[in-house]
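This report is meant for a reader meeting the structure for the first time. The sequence and the structure are shown below, and the text after them goes through a few selected details.

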Amino acid sequence: MSAASIGIVAASLILLGIFQLALMNLNAWISQVEQQCEVNVYLKNDVSGTNLNRIQSELAGIPDVSAVTFFSKEERVKRTKETTYAGQEYMLEDLEKDNIVRDSYILTVTQIASTSQVASLAARVPGVDEVVNRQDLVDKIQAVSNVVRQVGLWLMLLLVLIAMFIIANTIRIGLISRSGEVDIMRFVGASNSYIRGPFMIEGIFLGILGAMLACGLTFAGYFLLLRSATTVFPGMEQPLLLSLEQIWPTLATTFLGIGIGIGFIGSGISIRKHLKV
Amino acid sequence: MIEIRNVTKVYPQTEVHALQNLSVKIEKGEFVFLIGATGAGKSTLMKLLLREEVADDGQVLINGQDVKKLRGRNIPKFRRGIGVVFQDFRLLPDRTVYENIAFAMQVVGASPRKIRHIVPQVLSLVGLEDKADAKPGQLSGGEQQRVSMARALVNNPPLLIADEPTGNLDPETSDEIMELLERINRLGTTVLVATHARELVNRMQKRVLTLEKGRLIRDAEQGGYQLV
């Protein structure tokens with residue numbers, strides 16, 4: 001029964017951990033993207049020569065745009081090869097033959113707040129095919145992270161309740177098996193805290209053990225994820241996922257805090273219900 | 001010592017009138033028997049004195065303290081003033097005689113030095129000096145009851161309540177237990193004994209309270225066991 005309690009506490013915390021890690025990484029992406037303050041302007045394929053100069057000066061004339069950088073399709077393919085697909089360049093060979101990749105300008109914007117305005121103005125410049133505003137990306141990540149937060153919250157709440165219930169039951173069994181002793185303590189005049197203390201401590205201890213188990217398993221799992229991520233996407237490890245050092249303090253405190261809370265409330269419920277003082 | 005004024009207790013689930021308008025006074029240093037058939041209200045009265053139950057009506061005063069008015073956290077302290085002995089001894093089977101008695105002192109926070117000092121004294125009072133290291137399972141019923149009496153006395157309560165202390169014992173052992181209760185009483189402790197042991201009550205010539213269907217039907221000084 002104690003093992004079951006520890007297990008269920010660990011399980012609910014691991015689930016919480018997965019959601020929390022996802023949120024932390026999504027938030028890190030958001031701030032990373034926001035820091036870049038860029039708007040990508042993709043041009044139509046038939047634009048060339050003097051048109052390019054005109055477009056460039058029009059883009060530069062948009063308020064809050066501090067720099068306009070031309071990025072040809074050849075450059076883009078080359079850069080992608082060097083970063084994301086380093087060592088697997090053959091995967092992009094077809095891309096060079098077809099003309100899927102478009103010429104583009106990268107607009108550097110002075111402040112994040114202006115990016116959507118800059119994007120909408122840039123879209124009106126003739127010859128511009130599509131404008132990719134980083135804000136759109138931020139909004140998309142934000143939407144995903146909101147869903148993750150909602151789902152995670154409810155699932156976690158459910159599991160935490162189950163964990164509390166199981167701890168309460170474990171403590172109840174302890175109370176029953178030691179009812180003789182508890183009875184004697186009562187009629188010789190043991191204080192309430194003297195009688196309740198050991199049971200509270202037992203519940204909290206179960207919570208702490210569960211939290212420690214969850215910490216161990218979650219960190220091990222995340223470590224494996226990091227390692228496999230760097231092999232699948234070489235060169236992109238840093239921006240892709242937060243490092244173990246960046247996540248463990250938050251996660252460990254959350255786990256311990258919630259574990260102790262589950263144990264405290266679980267044993268408290270049981271004691272209140274079954275231990276008449 | 002104990003003053004019970006017009007106490008009524010009804011158990012709501014069964015609607016049994018356990019006690020009806022009961023009034024009785026027990027002075028300090030008395031030795032009192034409480035008799036009556038099963039269901040007459042003896043146990044309920046004991047529970048009221050220990051504040052395990054609360055009277056629906058009337059007052060239970062112990063040393064002038066209205067038991068009903070005790071707040072939750074003061075109840076343990078209040079119970080330390082009452083030693084309790086049960087028919088089924090209620091000893092911890094996995095601890096020695098010494099540990100069982102010391103337990104009652106540890107629970108109320110006595111110092112280890114005081115425990116080492118007092119426990120042997122109480123053991124000798126009940127005549128079990130040489131059984132200190134035995135487990136309850138190795139003792140006879142009478143010896144076990146004496147251990148539980150030692151435990152009840154170890155914190156030196158002014159009042160000792162015994163609920164059928166000889167219920168599980170043969171007549172000869174019962175005599176010994178009663179003698180011990182009498183000795184404890186002579187040392188100054190007020191003793192209240194609920195019992196069915198007719199002959200013992202008759203022989204000991206103490207004050208006898210007779211309960212029937214929750215009412216006090218007889219209160220006799222030096223009384224005997226008479227069924228009305």
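Apart from neighbours within four places in sequence, the residues in contact with Ala10(A) are Gly210(A), Leu213(A), Ala214(A) and Leu217(A). This is a predicted model. Ala10(A) lies in helix 1 of chain A, which covers residues 2–36. Between Ala10(A) and Leu209(A) there are 8.1 Å in space, taken from C-alpha to C-alpha, although the two are 199 residues apart in sequence. Is Ala10(A) buried or exposed? Ala10(A) has 24 other C-beta atoms within 10 Å and is therefore buried, since 20 or more are enough for that class.

The next topic is the contact between the chains. Chain A and chain B each bring 12 residues to the contact. On the side of chain B that touches chain A, helix 2 (75–79) and helix 3 (97–107) of chain B each supply at least two residues. Helix 2 of chain B gives the largest share of that side, three residues. By class, the side of chain B that touches chain A has seven nonpolar residues, five charged residues and no polar ones.

Helix 3 of chain B also packs against other helices of chain B, as the table sets out.

| Helix pair in chain B | Axes come within | Crossing angle |
|---|---|---|
| Helix 3 and helix 4 (residues 112–125) | 10 Å | roughly 130° |
| Helix 3 and helix 5 (residues 141–153) | 8 Å | roughly 30° |

How do helix 3 of chain B and helix 4 of chain B lie to each other, and which residues meet? With a crossing angle of roughly 130°, helix 3 of chain B and helix 4 of chain B are therefore oblique to each other. Helix 3 of chain B passes helix 4 of chain B in a right-handed crossing. From helix 3 of chain B, the contact takes Tyr98(B), Ile101(B), Ala102(B), Met105(B) and Gln106(B), and from helix 4 of chain B it takes Ile115(B), Ile118(B), Val119(B), Val122(B) and Leu123(B). Nine of these residues are nonpolar, one is polar and none is charged.

For the other pair, the angle of roughly 30° is under 35 degrees, so helix 3 of chain B and helix 5 of chain B are roughly parallel to each other. The crossing of helix 3 of chain B with helix 5 of chain B is right-handed. Here Val97(B), Asn100(B), Ile101(B) and Ala104(B) of helix 3 of chain B meet Val147(B), Ala150(B) and Arg151(B) of helix 5 of chain B. This contact has five nonpolar residues, one polar and one charged.

How values were computed
Residues are numbered from 1 along each chain as its sequence is written. Chains are lettered from A and ligands numbered from 1 in the order in which they are written. This is a predicted model: local features need pLDDT of at least 70, side-chain atom pairs count only at pLDDT 80 or more; totals for chains, interfaces and linings use all residues. Two residues are in contact if their C-beta atoms, placed from the backbone, lie within 7 Å. Helices (H or I, at least four residues) and strands (E, at least two) are DSSP runs, numbered from the N terminus. Ala, Val, Leu, Ile, Met, Phe, Trp, Tyr, Cys and Pro count as nonpolar, Asp, Glu, Lys and Arg as charged, and the others, Gly among them, as polar. Axes are lines fitted to C-alpha atoms, for helices over the stretch in contact, and angles run from 0 to 180 degrees between N-to-C directions. Angles under 35 degrees count as roughly parallel, over 145 as roughly antiparallel, 65 to 115 as roughly perpendicular and the rest as oblique. A crossing is left-handed if the near helix is turned anticlockwise from the far one by less than a right angle, and right-handed if clockwise. A residue is buried if 20 or more other C-beta atoms lie within 10 Å of its own, exposed if 12 or fewer, and partly exposed in between; C-beta atoms are placed from the backbone.
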